[in-house]
Amino acid sequence: MNKNYFEIKRAGINTTFQDQGRGNLYHIGIPFSGAMDNRNFQISNKLVGNKVNFPIIEFAYQGPLLKYFGENINFAVTGDVKFIIRKKNNAIEGTCYQSFTLENGDELDIISTNKSVYGYLAVSGEFDVNYQWSSCSVNTKANIGANNGKKIEDGQKIYILNINKNLSDKKLNYINTKIENIRVIQGTNFDYFSDEGKKIFFEKEFVISKLSDRMGMRLEGPKIENIVDTNIKSEGLLKGVIQVPADGNPIIMLSDHGTIGGYPKIGVVISADYDKLVQLTPGSKIKFKKVELADAETLFKLYDLETQNLISQI
Amino acid sequence: MIKNISNLGDAALYCDFGTEVNKEINSKVIRYFKSIQKENIDGINNLTPSYNKLIISFDLRKKNFQTIKQQIENLNVINDDALESNKIKIPVCCDENFSLDIKRLEEKLQITRDKIYEKFFGKEFFCYMTGFIAGMPFLGDLENELQAKRLETPRVKVPKGSVGLTEQFANVYTFESPGGWNIIGNTPQVIFDSTNENNPNLINPGDVVTFEQITKDQYYNNNE
């Protein structure tokens, strides 16, 4: 049997294997991790005929350049991504949310995400990866997950097992919408902040700093004044929690966050807005809108239903 | 026993056991944590016990705040006697290459390094929680004379195995990581092992830890 693999000619900036992530490990210090944008992760798998929680390759900003060796395989890219398929005699500009076939020797050049952060590459087969706690998701901080818990690197080979022989073309009509208003529920330390600080939090614009990654998103803007204490006794964190340290600039916890933190929590991003939040690029503006718990629950149901609908259209 | 349950976002319960940090309150947190683990409640996908809070995360596709809150309010909580607690010894070398902040500590605390070691080694410390980075234990309580603030400017990289002090707590850096604790030594002991999925942490909440001073030779032989 021939081996099927990608040779990584260029790894890209932050290219990792991800899946749905791993739960029930916060108490030992391990966050969920997993694909940052859950909707685009699931859709990418469905476009190549996989189960929605199969391992995929997640990339940020600049993506990987991969040369393929082996029997024909389908792939799909999701997000808002510019990519090119180079065949022996021609090059084709790729389209997101559509499956394409790679033949032996073809190159897939994922040039970059357009005004968004994360994109996803799924193939009609199984990436040969190791699992820890039932997930391949890479956590580079604790070196957990596929690829020895590290980013994908230049020159390495990525093997693919169990290629689906019934390659059929699939497509989804979908455009990623961007939102700049992120809805939040008040945090457990909301009253640590002055009336003016609370007002600023919900009325002013913040700018996303360059110091943002899979662990957290730092924001810059008008300072949020704390009138009680700039530290709390360390306690658990969750993705979406917005902490405000002493300098008054909010930090939003993302999927690879530290599991414990000691800064006051001013708010928590609602689950329905998380996929959109992570796609906001450094330099973008962001504004927080207050919602109540009951509304957040309904909004998540709607968002999840919409995701399921999109998947069932494929 | 939980003073108040509120929501942290739309997919977690924030259980407040009080504001103080002591063994009594923390033991309540740990009892709840272990009781919930034992019940294996459908939809709960993470638990974060800390000094005096317990955060319960759940899958919003399956459950919501009200349903989980009710289950927690009606929970059968195990009693103190049922809590397992391991006693663990951690070897630490205080060679000058490892005790990065010992001079600073001598100045901050106004006592000699020998006095610092005397008050630290051989004493029993209680593990309040683990986390921030995988497997990092938060141990207490240090005597008053050993209590110092964090570094004013945190280190960008604290070496793996570093043993640090701050306020009433001691910890061990399980990975190279940024951090602001006062580093007094380094342990060759593996504290976190991701290949041991059933029991990756050497030290778990409720355990009792004693540090033992070792020489440089013993430090390097420990790895053999």
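Predicted model: local features only at pLDDT ≥ 70, side-chain atom pairs only at ≥ 80, totals over all residues.
Residues are numbered from 1 along each chain as its sequence is written, and chains are lettered from A and ligands numbered from 1 in the order in which they are written.

L305(A) sits in helix α5 of chain A, where helices (H or I, at least four residues) and strands (E, at least two) are DSSP runs numbered from the N terminus. Between L305(A) and F54(A) there are 251 residues in sequence and 20 Å in space, C-alpha to C-alpha.

The partner to look at alongside α5(A) is α1(A). The axes of α1 (residues 38-47) of chain A and α5(A) come within 9 Å and cross at roughly 15°; axes here are lines fitted to C-alpha atoms, for helices over the stretch in contact, and angles run from 0 to 180 degrees between N-to-C directions. The two helices α1(A) and α5(A) are therefore roughly parallel to each other, given that angles under 35 degrees count as roughly parallel, over 145 as roughly antiparallel, 65 to 115 as roughly perpendicular and the rest as oblique. The crossing of α1(A) past α5(A) is right-handed, meaning that the near helix is turned clockwise from the far one by less than a right angle, with anticlockwise giving left-handed.

As for who meets whom, R39(A), Q42(A), I43(A) and K46(A) from α1(A) face T307(A), L310(A) and I311(A) from α5(A), a contact being two residues whose C-beta atoms, placed from the backbone, lie within 7 Å. That set comes to 3 nonpolar, 2 polar and 2 charged residues; Ala, Val, Leu, Ile, Met, Phe, Trp, Tyr, Cys and Pro count as nonpolar, Asp, Glu, Lys and Arg as charged, and the others, Gly among them, as polar. Helix α1(A) is mostly covered, with 10 of its 10 residues buried; R39(A) and K46(A) are among them. After α1(A) comes G49(A), which has a positive phi, near 80°.

Zooming out, chain A splits into domain 1 (4-161) and domain 2 (181-313), bounds that come from an automatic or database domain assignment. Their centres, taken over C-alpha atoms, are 27 Å apart. Across the boundary, 21 residues of domain 1 of chain A are in contact with 15 residues of domain 2 of chain A. On the domain 1 side, α1(A) gives the most, with 5 residues, and that side divides into 8 nonpolar, 8 polar and 5 charged.

Chain B is assigned domain 1 (4-81) and domain 2 (87-221), whose centres lie 28 Å apart over C-alpha atoms. Here 7 residues of domain 1 of chain B are in contact with 6 residues of domain 2 of chain B. The largest share of the domain 1 side, 3 residues, comes from α1(B).

Between the chains, the contact draws 32 residues from chain A and 38 residues from chain B. On the chain A side, β16 (235-236) and α5 (293-313) each supply at least two residues, and α5(A) gives the most, with 5 residues. By class, the chain A side holds 14 nonpolar, 13 polar and 5 charged residues.

Technical notes. Buried ≥ 20, exposed ≤ 12 C-beta atoms within 10 Å, placed from the backbone.
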